[in-house]
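Dear colleague,

Please read them alongside the coordinates.

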Amino acid sequence: MPFASPGDTLLLQPSGGRAVILEILTPGPDRATPLCKHFGECGGCALQHVSDDFVARWKRQQIVDALKRQGLSTDVRPTLTCPPGTRRRAAFMLERAPVGGVVQAGFRARLSHRLIALEECHVLDPAILCVLPGLARLAAPLLHAKGQARTVVNLTLTGLDVSAVMDRASTLTLSQLTHLAEMADALDLARLAWNGEIVVARRNPQVNFAGVAVLPPPGAFMQASPEGEAALVSLVMEALGNETGRETGRALELFAGCGTFTFPAARYCAVDAVEGDAAMAAALRHAAANAAGVKPVTVSTRDLFKRPLMPNELASYSTVIFDPPEAGAEVQALQISATPAAKSKLKRVIGVSCDALSFARDARILADGGFALQWVAPVDQFRWSAQIELAALFVR
């Protein structure tokens, strides 16, 4: 049950078909004191009440169990846990408080649409936490009485990249544009986008993948923390190696994003990258055209859920790397699995996933196509949440 720890002795009270904890009579051995004043109320964290060791073991076991349900087993490594206070990408809500009408910034409450105005957060990089009151002031003149704006904040090498989308989008007036530009300057934002349009770019928000500078589009997906990204890249590079050294042919990367794994892989082999989001593909293509010290990188835009690469397109590659959204890559995995071994160079698949269940499903599909799951490595970059990140190697 929520907020219980193994070994606890608890006093419970039934409530609406659930039970709530009235008192912890005897704490279990893994119980920990939550760090954040908002824990239990805020929907952002679910596991601050248990030890880091327990969370690491629990997340690993979720992967083991998901694979077992698909009839699979392999070497599941210990979980690598990223440090707190390092999350560089987060989505917030900006909305007016029901009482007083002051605009607030924060996360949704647990099991509720109510906003928790963050006063502290032990997950976020301090640079993001510190800017939230300023973002509330920035949005205040633009939000109507019950208005709200979903806001994505990315911390880049050159500063904060902020992208907000209002629930009722309308054309900005000159005075509103002026206000946004002035607030972006006061908050030292690198870039501000509002309702999909860039209002001001004081500096190009820049990320760096294996020495290659990339200018991501507003609100672009990034790995949650630098440490998590580094761990996943290291695992993908490990999987890309073989007995004779690094891959030397062409690798195919699917769901490539802005190049998190593209450019590290391109240090060793040519990469054909495929991404469904046109803006992210354009950013990746521009970075590839200006990259130095890497093998050739080609970029194509393609919706892999609707148009997966087919066996005849996959057969010329020896390695496929894929990092799909939470839903996984079922349609694409079916085509990889269907690629004939005798008529294909495809011998290795490297998977990155943020969902143990969809990964296990896709792993079963690949196993049915003759790909053996060699290892899985969990990476916990979503501290104190139930979300699980992993990298894995399949070999035919």
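**Aromatic rings**

Phe359 is buried, with a relative accessible area of 2%, where buried means under 20% relative accessible area, exposed over 50% and partly exposed in between (1.4 Å probe, protein chains only). This is a predicted model, in which local features need pLDDT of at least 70 and side-chain atom pairs count only at pLDDT 80 or more, while totals for chains, interfaces and linings use all residues. Residues are numbered from 1 along each chain as its sequence is written, and side-chain values use heavy atoms, with hydrogens and water left out.

The structure holds four aromatic pairs, a pair being rings of Phe, Tyr or Trp (its six-membered ring) with centres within 6.5 Å, called stacked if the planes are under 30 degrees apart, edge-to-face if over 60 and tilted otherwise. One of them is the edge-to-face pair of Phe3 and Phe39, at 5.3 Å centre to centre and 80 degrees between the planes. Phe3 is partly exposed at 22% relative accessible area, whereas Phe39, at 17%, counts as buried. Phe359 also belongs to a pair, tilted, with its ring centre 6.0 Å from that of Phe394 and the planes at 50 degrees.

**Cysteines and charges**

The count of disulfides (cysteine sulfur atoms within 2.5 Å) is zero. For Cys82, the nearest cysteine sulfur, that of Cys45, is 14 Å away. The sulfur of Cys121 is 6.1 Å from the closest one, in Cys45, which is too far for a bond.

The charged end of Arg77 sits over the ring of Trp375, 4.1 Å from its centre, the criterion being NZ of Lys or CZ of Arg within 6 Å of the ring centre and within 35 degrees of the ring normal.

Best regards
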